[in-house]
Amino acid sequence: MIKYGLDMASAGPAGDAYTMSELAHIAEESGWDGIFLEDYIIWQSHPDIPTYDPWITLAAMAMRTQRIRLGTMVTPIARRRPWKLAQELVTLDHLSNGRMILGVGLGDTGESIGMDSSFAHFGEMLDPKKRARMLDEGIEIITRVWNGEPFSFDGEFYKIHNVQILPKPIQQPRVPIWVGGGYPNRGPVERALRWDGSCMYKQQGH
């Protein structure tokens with residue numbers, strides 16, 4: 001059970017994988033229960049700040065720690081290939097001996113949507129309603145990949161034809177999925193209730 005965790009960015013002068021792995025080791029030795037990395041291509045739309053890949057960084061952190069839980073907070077599935085994301089999580093779950101958590105969400109939306117460089121500058125989906133549907137489809141695909149059984153999927157955004165991807169995660173029935181988003185907005189709350197946990201923030205005005 002996680003009681004105290006850190007939300008960090010693999011960005012800035014200390015955001016490289018080596019430094020972050022050392023910080024993870026220090027956090028574990030200091031008694032923290034979890035470390036979660038933000039998932040950006042360009043950190044919070046600041047092109048002048050170096051941004052490092054969170055998945056390679058998590059791999060380095062897994063190699064430098066033994067107990068602390070690791071994950072993202074959050075990964076916007078709308079700009080990922082869900083099957084590739086599922087395989088990355090399985091690999092990290094094995095590398096960490098079952099310590100991974102997948103945080104998912106829409107990515108930056110609302111007033112910030114036009115400034116979200118990780119979406120806007122790469123031709124990714126900007127419509128938050130479509131992103132939400134992509135998120136739901138993506139989660140379903142990820143969990144079906146983790147089942148380790150052959151499956152097909154015919155969705156609005158993703159099509160999969162009779163595939164099986166192994167191995168399964170170490171954690172069963174799956175790597176825990178935590179849902180981010182603005183609380184008490186209905187969509188994120190209902191989505192969080194369908195999965196394993198939440199990492200929501202309080203929406204302004206509520």
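A crossing of two helices is called right-handed if the near helix is turned clockwise from the far one by less than a right angle. That is how helix α3 passes helix α5 in this predicted model.

Here is how that pair sits together. Two packed helices are described by the angle between their axes and the distance between the axes. Helix α3 covers residues 82-95 and helix α5 covers residues 128-147; the angle between them is about 45°, and their axes run 9 Å apart. The two helices are therefore oblique to each other. On the α3 side, the contact is made by Pro 82, Trp 83, Leu 85, Ala 86, Leu 89 and Val 90. These meet Gly 138, Ile 141, Ile 142, Val 145 and Trp 146 on the α5 side. Sorted by type, the residues of this contact come out as ten nonpolar and one polar, with no charged ones.

Trp 83 also turns up in another setting. Searching the whole structure for aromatic pairs gives two. In one of them, the ring centres of Trp 83 and Tyr 158 are 5.9 Å apart and the ring planes stand at 90°, so this pair is edge-to-face. Trp 83 belongs to helix α3, while Tyr 158 sits in the loop between β6 (151-154) and β7 (159-163), so the pair ties together parts that lie 75 residues apart in sequence. As for accessibility, Tyr 158 is buried, with a relative accessible area of 5%. Trp 83, at 29%, counts as partly exposed.

The backbone has some details worth a look too. Most residues other than glycine have a negative phi, and most peptide bonds are trans.

Asn 97 has a phi of about 60° although it is not a glycine, and Asn 97 lies in the loop between α3 and β5 (100-105). Its relative accessible area is 60%, so Asn 97 is exposed. Asn 162, also not a glycine, has a positive phi of about 50°. Asn 162 is placed in strand β7, and at 59% relative accessibility Asn 162 counts as exposed.

Note on methods: Residues numbered from 1 in each chain as written. Predicted model: local features only at pLDDT ≥ 70, side-chain atom pairs only at ≥ 80, totals over all residues. Heavy atoms only, no water. Axes fitted to C-alpha atoms, helices over the stretch in contact; angles between N-to-C directions. Helix = DSSP H or I, 4+ residues; strand = E, 2+ residues; numbered from the N terminus. Parallel < 35°, antiparallel > 145°, perpendicular 65-115°, else oblique. Contact = heavy atoms within 4.5 Å. Nonpolar A, V, L, I, M, F, W, Y, C, P; charged D, E, K, R; others polar. Phe/Tyr/Trp six-rings, centres within 6.5 Å; stacked < 30°, edge-to-face > 60°. Buried < 20%, exposed > 50% of the residue type's maximum accessible area, 1.4 Å probe, protein only.
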